Amino acid sequence: MGRPRQFDPDAAIDSAMDLFWRKGFTDTTPQDLAAELGIGKGSLYNTFASKRALFDLALRRYVDLRAAGVTATLDQPGTARERLRAALRRLADADATLTSRGCLAVNTAVELAGTDEDATRTVRQLFDRLEGAFRTVIEEGQASGEIAAGRDPGQLAALVLTSFLGMSVLAKTTDADRIRHTIDAVLATL
């Protein structure tokens, strides 16, 4: 009979997500993970099989949390523009420590896209979910007359998504006022 597990795997995934978010996949070592999670490397491998397997779990967790947070913001009462502004402002109003790290999905895309099909696919899933959520709100705005009906909602959603992702990179190096000005410009195009 093996020893009982001395740590919570879900909490370990959250801690690993935080570490990968700070350091990236390549710069995070198994020793870093063991130290961050407060476990031995043997426990790390026995529970998660590999650094890569743990990264995949952490990235999927991030994708689910990020999509849920943006979707919850978009589902709040208000006009389409107000809801889009609130979703975009999540970047500008986020805790400074988190904002300076940008978006784990964007960071992963920059680091691994084009060389890692699994990571690319997972990141793309988040981008597709966000774009779909933006499109839904834009279509609601078009139906209410708030957003011009003659514009392609898919193109507008792609614009909002691209701006959202770009702002997550910008957030790593700039102040919240610049992001707020960018949000104003994006919404003015709708």
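This is a dialogue on how to read a predicted model of one protein.

User: What does the secondary structure of the protein come to?

Analyst: The model, which is predicted, has 10 helices and zero strands. From the N terminus on, the elements run α-α-α-α-α-α-α-α-α-α. The C-alpha atoms fill a box of roughly 65 × 35 × 30 Å along the principal axes. Of the 190 residues, 43% count as buried.

User: Which elements have the lowest and the highest mean pLDDT?

Analyst: Where pLDDT is low, the predicted coordinates should not be read in detail. Here the protein averages a pLDDT of 90, and 92% of the residues score at least 70. Helix H6, residues 96-99, has the lowest mean among the elements, 51, while helix H8, residues 117-144, has the highest, 97.

User: How do I read the buried residues of a helix? Take H2: which of its residues are buried?

Analyst: An α-helix has 3.6 residues a turn, so residues three or four places apart point the same way. In H2, residues 30-37, the buried ones are Pro30, Leu33, Ala34 and Leu37. Viewed down the helix axis they fall within an arc of 100°, so they line one face of H2. Their cover includes helix H1 (9-27), helix H3 (41-48) and helix H4 (51-74).

User: Which residues of H7 are buried, and what do they pack against?

Analyst: Helix H7 spans residues 104-112, and its buried residues are Leu104, Ala105, Val106, Asn107, Thr108 and Leu112. These pack against H1, H4, H8 and H9.

User: Is Ala49 buried or exposed? And what of Gly78?

Analyst: Ala49 has 56% relative accessibility and therefore counts as exposed. Gly78, in the loop between H4 and H5, is partly exposed, with a relative accessible area of 39%. Gly78 and Leu104 are 26 residues apart in sequence, and their C-alpha atoms are 29 Å apart in space.

User: Which residues touch the most other members of the largest nonpolar core?

Analyst: That core has 55 residues, and Leu54, Leu84 and Phe134 touch the most other members. Leaving aside neighbours within four places in sequence, Phe134 is in contact with Val70, Leu74, Leu84, Ala87, Ala157, Val160, Leu161 and Phe164. For the protein as a whole, 64% of the contacts between residues at least 6 apart in sequence join residues at least 24 apart.

User: At what angle do the axes of H9 and H10 cross?

Analyst: An angle over 145 degrees counts as roughly antiparallel. The axes of H9 (residues 153-170) and H10 (residues 176-188) cross at roughly 170° and come within 11 Å. H9 and H10 are therefore roughly antiparallel to each other. H9 contributes Val160, Ser163, Met167 and Leu170 to the contact, and H10 contributes Arg178, Ile179, Thr182, Ile183 and Val186.

User: What is Leu88 in contact with?

Analyst: Leu88 is in helix H5, residues 80-92. At 0% relative accessibility, Leu88 counts as buried. Beyond its neighbours within four places in sequence, Leu88 contacts Val160, Phe164, Met167, Ile183 and Val186. Among these, Val160 and Met167 also take part in the H9 side of the H9 and H10 contact, and Ile183 and Val186 in the H10 side. The C-alpha atoms of Leu88 and Val106, 18 residues apart along the chain, are separated by 15 Å.

Terms used: Residues numbered from 1 in each chain as written. Predicted model: local features only at pLDDT ≥ 70, side-chain atom pairs only at ≥ 80, totals over all residues. Heavy atoms only, no water. Buried < 20%, exposed > 50% of the residue type's maximum accessible area, 1.4 Å probe, protein only. Helix = DSSP H or I, 4+ residues; strand = E, 2+ residues; numbered from the N terminus. Arc of directions from axis to C-beta. Contact = heavy atoms within 4.5 Å. Core = buried A, V, L, I, M, F, W, Y, C linked by side-chain atoms within 4.5 Å. pLDDT = per-residue confidence, 0-100. Axes fitted to C-alpha atoms, helices over the stretch in contact; angles between N-to-C directions. Parallel < 35°, antiparallel > 145°, perpendicular 65-115°, else oblique.
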